[in-house]
Amino acid sequence: MALNWHDAREIGELLLQRYDTVNPLQVRFTDMHKWILDLEDFEGKPNESNEKLLEAIQMAWYEEWQDAYGDGR
């Protein structure tokens, strides 16, 4: 399953699996960008991302994180 920058929901799920103890809202975009590039199924090019796409991924990840842990973590 090849992923690119527009696959926010799928990337969010993978980030939750890999970084399950991290609150997504406390992650810098520069760190998240690197973590996304390091995902096994990710095939997007580094220069094809932008703030809007990273924000969409962060929000998808945060929604998954909230579903898993609620607001109290």
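A: Happy to. One term to begin with: helices here are DSSP runs of H or I with at least four residues, numbered from the N terminus. Also keep in mind that this is a predicted model.

Q: Thanks. By how much of a helical turn are Trp65 and Tyr69 separated?
A: By about one turn, because they are four residues apart in helix H3.

Q: Let's switch to aromatics in general. How many aromatic pairs does the structure hold?
A: Six. In one of them, Trp5 and Phe42 have ring centres 4.7 Å apart and planes at 70 degrees, so that pair is edge-to-face; the cut-off for that label is over 60 degrees.

Q: Where in the chain do Trp5 and Phe42 sit?
A: They link distant parts of the chain: Trp5 is in the segment before helix H1 (8–18), and Phe42 is in the loop between H2 and H3, 37 residues apart. Both Trp5 and Phe42 are buried.

Q: What about the geometry of Trp65 and Tyr69?
A: Trp65 and Tyr69 make a tilted aromatic pair, with 6.1 Å from centre to centre and 55 degrees between the planes.

Q: Which aromatics form a cluster?
A: Tyr19, Trp35 and Trp61 form one aromatic cluster.

Q: Back to Phe42. Why does it count as buried?
A: Because its relative accessibility is 8%.

Q: What is Phe42 in contact with, leaving aside its neighbours within four places in sequence?
A: Phe42 is in contact with Leu3, Asn4, Trp5, Ile11, Ile36 and Leu37.

Q: New topic: which residues of H2 are buried?
A: Met32, His33, Trp35 and Ile36 are the buried residues of H2. They cover an arc of only 165 degrees around the axis, so they lie on the same side of H2.

Q: What covers those buried residues of H2?
A: The cover includes H1 and H3.

Q: Last one: what is the mean pLDDT of the chain?
A: The chain's mean pLDDT is 94, and 96% of its residues reach 70 or more.

Terms used
Residues numbered from 1 in each chain as written. Predicted model: local features only at pLDDT ≥ 70, side-chain atom pairs only at ≥ 80, totals over all residues. Heavy atoms only, no water. Buried < 20%, exposed > 50% of the residue type's maximum accessible area, 1.4 Å probe, protein only. Contact = heavy atoms within 4.5 Å. Phe/Tyr/Trp six-rings, centres within 6.5 Å; stacked < 30°, edge-to-face > 60°. Helix = DSSP H or I, 4+ residues; strand = E, 2+ residues; numbered from the N terminus. pLDDT = per-residue confidence, 0-100. Arc of directions from axis to C-beta.
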